[in-house]
Amino acid sequence: MNVAVLGSGVVGRTLSAKLEDCGHKVVVGTRDVDSLLARTERAMGGRLPPFSEWYAQNSAVGLGTFAEAAKHGDIVINATSGAATLDVLTAAGRANLGGKVLVDISNPLDYSGGMLSLFVSNTESLAERIQKSFPEANVVKTLNTMNAGVMVDPKSVAGGDHHVFVSGNDADAKARVVDLLRNDFGWTNVIDLGDITTARGPEMLLILWVQLRTTFGTAAFNFKIAR
Ligand SMILES: NC(=O)c1ccc[n+]([C@@H]2O[C@H](COP(=O)([O-])OP(=O)(O)OC[C@H]3O[C@@H](n4cnc5c(N)ncnc54)[C@H](OP(=O)(O)O)[C@@H]3O)[C@@H](O)[C@H]2O)c1
């Protein structure tokens, strides 16, 4: 399958490498390929090497603008900064998203006030904003409630005994995403919450997730729902 991964950060890199390993043809989307490859600074407080270092080890993955990547993808994954997501998808191009599954992993994080808050919550979610702005795409929210490493290797935490959520309006789109979660990433516990409005809960979980990372001193954990 041709997959577009919009985003050159740790999520974009982690998902691209895994999907390529699984036999998919991946193109990573970025604002400007030359400037991305020319960057020398580390990201994520020094924890993430420059993209060019990662790319040298993952050269089978394609690289293009957001529009070039989206055009390539039968399925498009949004792994960009939540604040930039609507601009990124506009740059990706309505025509390149039409009729496609749009997997949204972004979070509406806002650090501007000094403490973490969400720039949309309670009565709306970022996933709903995306779906309203791009009605021609089938948005499926998933994987936003865990660290990038856990997304593609759920067994790395508690042997995989924890949960991932999916939300979306289109049943076929959700089924394709669940298939990818199970068969490519190895998820066994998938909870279908319902339509795209149900993405509010998983997005609001991020306030708790970020606090838990501080409390535990590691991002290698996930939510397990006991009944
Ligand atoms: N980090 C995690 O483990 C994790 C876990 C769950 C969910 N998430 C969510 O997943 C998303 C990606 O996270 P991340 O840590 O991998 O990367 P990130 O630093 O949040 O986002 C990087 C991407 O956003 C793009 N971007 C940033 N500002 C932009 C702007 N003003 N205009 C256009 N594009 C812009 C960058 O474009 P360029 O390529 O051009 O630089 C890059 O592709 C976020 O929404 C995050 O909340 C992250």
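A residue is called buried when its relative accessible area is under 20%, exposed when over 50%, and partly exposed in between (1.4 Å probe, protein chains only). Keep that in mind as you explore this predicted model, where local features need pLDDT of at least 70, side-chain atom pairs count only at pLDDT 80 or more, and totals for chains, interfaces and linings use all residues. Residues are numbered from 1 along each chain as its sequence is written, and side-chain values use heavy atoms, with hydrogens and water left out.

**First stop: K174**

Select K174, which sits in helix α9 (residues 171-183); helices here are DSSP runs of H or I, at least four residues, numbered from the N terminus. With a relative accessible area of 10%, K174 is buried.

Now show the side chain of K174. At 3.0 Å you will find the backbone oxygen of G168, and the backbone oxygen of G194 lies 2.9 Å from a polar atom of that side chain. Beyond neighbours within four places in sequence, K174 has contacts (heavy atoms within 4.5 Å) that include V140, V166 and D192.

**Second stop: the ligand**

Zoom in on S8: an N or O atom in its side chain is 2.6 Å from an oxygen atom of the ligand. At T80, a backbone N or O atom is 2.8 Å from a ligand oxygen, while for G82 the corresponding distance is 3.4 Å.

Key:
Helices (H or I, at least four residues) and strands (E, at least two) are DSSP runs, numbered from the N terminus. A polar contact is a pair of N or O atoms within 3.5 Å; within protein, one must be able to donate a hydrogen and the other to accept it, and residues adjacent in sequence count only if both atoms are side-chain atoms.
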